[in-house]
Amino acid sequence: MTSSTSTPGLSRFNTSPDGEALAALHEVCASSAWGAALLAQRPYATAEDLFRASDAAMAELTAEDLAEAMAGHPPIGRPKPGDPTSAREQRGMAGASDELRAELLELNLAYQERFGHVFLICATGRTGEQMRDAVRERIVNTPEREREIVRAELGKINRIRLNRLVEEDPA
């Protein structure tokens with residue numbers, strides 16, 4: 001990850017109009033509170049400064065803010081149609097068997113019934129089996145414990161997406 005110097009993507013983010021920057025942040029995380037916090041601290045000298053601001057904003061999100069952020073994520077095994085980001089992040093499900101997909105659907109529904117929101121995990125680099133195992137492990141958590149795990153997973157996802165944002169070549 002970029003950390004010591006400014007990149008063309010970071011420069012573009014720092015200098016873009018507020019509306020454009022906020023839209024880009026919304027693509028990273030659907031929480032309006034998180035986006036507003038990051039927007040308010042522009043410009044960022046380095047990507048690492050942006051990542052630290054993201055982590056700090058994530059730590060401050062209320063339960064309602066977390067719910068708003070989670071609403072922007074599709075269930076594991078069902079990336080948003082036409083959304084290259086969710087397809088890329090859930091690549092580990094690409095070769096999953098019908099049985100694994102069916103099991104994940106069942107587990108996702110049970111998780112959603114228990115916690116009232118989609119199962120959220122940083123899926124990048126994980127296999128379908130690893131994601132299934134994570135749902136199995138986490139479904140027994142208390143709501144409070146699960147909310148903090150979700151916060152940590154969102155933080156990981158946001159860093160990956162922010163890194164992509166600041167690394168993108170504007171060409």
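Helices are DSSP runs of type H or I with at least four residues, numbered from the N terminus. By that numbering, helix α7 is followed by G116, whose phi is positive, near 80 degrees. The model described here is predicted.

**Helix α7**

- Helix α7 comprises residues 98–115.
- Its 18 residues reach 25 Å from the first C-alpha to the last, close to the 26 Å expected at 1.5 Å a residue.
- The buried residues of α7 are L100, L104, L107, N108, Y111 and F115.
- Viewed down the axis of α7, these buried residues fall within an arc of 110 degrees, and therefore they line one face of the helix.
- Exposed residues on the other side of α7 are D98, E99, E106 and E113.
- The cover over the buried residues of α7 includes α8 (128–138) and α9.

**Aromatic rings**

- There are three aromatic pairs in the structure.
- One of them is formed by Y111 and F115, a tilted pair with 4.7 Å from centre to centre and 45 degrees between the planes.
- Y111 and F115 both belong to α7, where they are four residues apart, about one turn of the helix.
- An α-helix has 3.6 residues a turn, so residues three or four places apart point the same way.
- F119 is buried, as is Y111.
- Together, Y111, F115 and F119 form one aromatic cluster.
- Elsewhere, R42 lies over the face of the F13 ring, at 5.6 Å from the ring centre.

**Salt bridges**

- Side chains of opposite charge can pair when their charged atoms come close.
- The count for this model is twelve salt bridges.
- One of them joins R52 to D49, with 2.5 Å between the closest N and O atoms.
- R52 and D49 both lie in helix α4 (residues 47–60), three residues apart, about one turn of the helix.
- R52 is partly exposed at 46% relative accessibility, and D49 is likewise partly exposed at 25%.
- R52 and D49 also belong to a network of salt bridges that links E48, D49, R52, D55 and R159.

- E148 forms a salt bridge with R151, the closest N and O atoms being 3.0 Å apart.
- Because E148 and R151 are three residues apart in helix α9 (residues 143–167), about one helical turn separates them.
- E148 counts as partly exposed, at 38% relative accessibility, whereas R151 counts as buried, at 13%.
- K156 forms a salt bridge with E153, with the closest N and O atoms 3.0 Å apart.
- K156 and E153 are also three residues apart in α9, so about one helical turn lies between them.
- K156 is partly exposed at 39% relative accessibility, whereas E153 is buried, with a relative accessible area of 7%.

Technical notes:
Residues are numbered from 1 along each chain as its sequence is written. This is a predicted model: local features need pLDDT of at least 70, side-chain atom pairs count only at pLDDT 80 or more; totals for chains, interfaces and linings use all residues. Side-chain values use heavy atoms; hydrogens and water are left out. A salt bridge is a side-chain nitrogen of Lys or Arg within 4 Å of a carboxyl oxygen of Asp or Glu. Helices (H or I, at least four residues) and strands (E, at least two) are DSSP runs, numbered from the N terminus. Buried means under 20% relative accessible area, exposed over 50%, partly exposed in between (1.4 Å probe, protein chains only). Rings of Phe, Tyr and Trp (its six-membered ring) pair if their centres lie within 6.5 Å; planes under 30 degrees apart count as stacked, over 60 as edge-to-face and the rest as tilted. A charge sits over a ring if NZ of Lys or CZ of Arg is within 6 Å of the ring centre and within 35 degrees of the ring normal. The expected span of a helix is 1.5 Å times one less than its number of residues. The arc is that of the directions from the helix axis to the C-beta atoms. Contact means heavy atoms within 4.5 Å.
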